[in-house]
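Dear colleague,

I am handing over the structure below. Please have a look at it before you read on.

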Amino acid sequence: MTNVTRRSLLLAGASTIFAGTAALAEVKKIPRSHGPTTMEIVPFQSSERVGTIIISNKDLTLHRIVGQGKAERYKIAAGRDGFIWEGTTTVGHKAKWPAWRPPAAMRKRDTSLPAYVPPGPYNPLGARALYLYDNGRDTLYRIHGTNDNTTIGGFETSGCFRMTNADVMSLYNKVRSGTKVIVR
């Protein structure tokens, strides 16, 4: 085989690989934006301690008390019909770029769900997750990010509270494990 023939075959192979890679990139692009920031400081009267998180299923908002009659307000997505819940929990654990293991009940409802999704930009929990606990036990509910910002402001989840990645990254840095979370 001559050098010209070898070079032609290499170039043909490289262009095929590049074309395949380009096609894959068209199908599954890595998100380059963490989405909009929805946080606003708003008047908010509460007898709860500074740092407490209060979630309104009805208003699709998450408030973090900052004191002096004010709170940070974020837009969220919450549980769709049949998946809305209320109660008082605490942040039991926090994770950056968390892995996701859909609960057994969720996998039973949707058999196409994988048993495990590794951390990274395609994970449905987004950039950060705050794991909600009740009396030291994981509730399986989360405050987490999303890679689909169009769901914010809707009843979209199986009970978790979804924020833009930009918002959940900001909240993550302000919240400690043990923080009280009131859902109403």
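Here is what was found, starting with the ground rules.

This is a predicted model: local features need pLDDT of at least 70, side-chain atom pairs count only at pLDDT 80 or more, and totals for chains, interfaces and linings use all residues. Residues are numbered from 1 along each chain as its sequence is written, and side-chain values use heavy atoms, with hydrogens and water left out.

Helix α3 spans residues 165–174. Helices (H or I, at least four residues) and strands (E, at least two) are DSSP runs, numbered from the N terminus. Buried residues in α3 are Asn-165, Ala-166, Asp-167, Val-168, Leu-171 and Tyr-172. Buried means under 20% relative accessible area, exposed over 50%, partly exposed in between (1.4 Å probe, protein chains only). Their cover includes β2 (53–56), β3 (61–67), β4 (70–75), β6 (87–96), β7 (128–134) and β8 (137–144).

Arg-128 sits in strand β7. Arg-128 is buried yet has no salt bridge (a side-chain nitrogen of Lys or Arg within 4 Å of a carboxyl oxygen of Asp or Glu). The nearest side chain of opposite charge, Asp-167, is 13 Å away; Lys and Arg count as positive, Asp and Glu as negative, and His and the chain ends are not counted. Beyond neighbours within four places in sequence, the contacts of Arg-128 (heavy atoms within 4.5 Å) include Trp-97, Val-168 and Tyr-172.

Leu-60 is buried, at 10% relative accessible area. Trp-97 is partly exposed, at 30%.

Best regards
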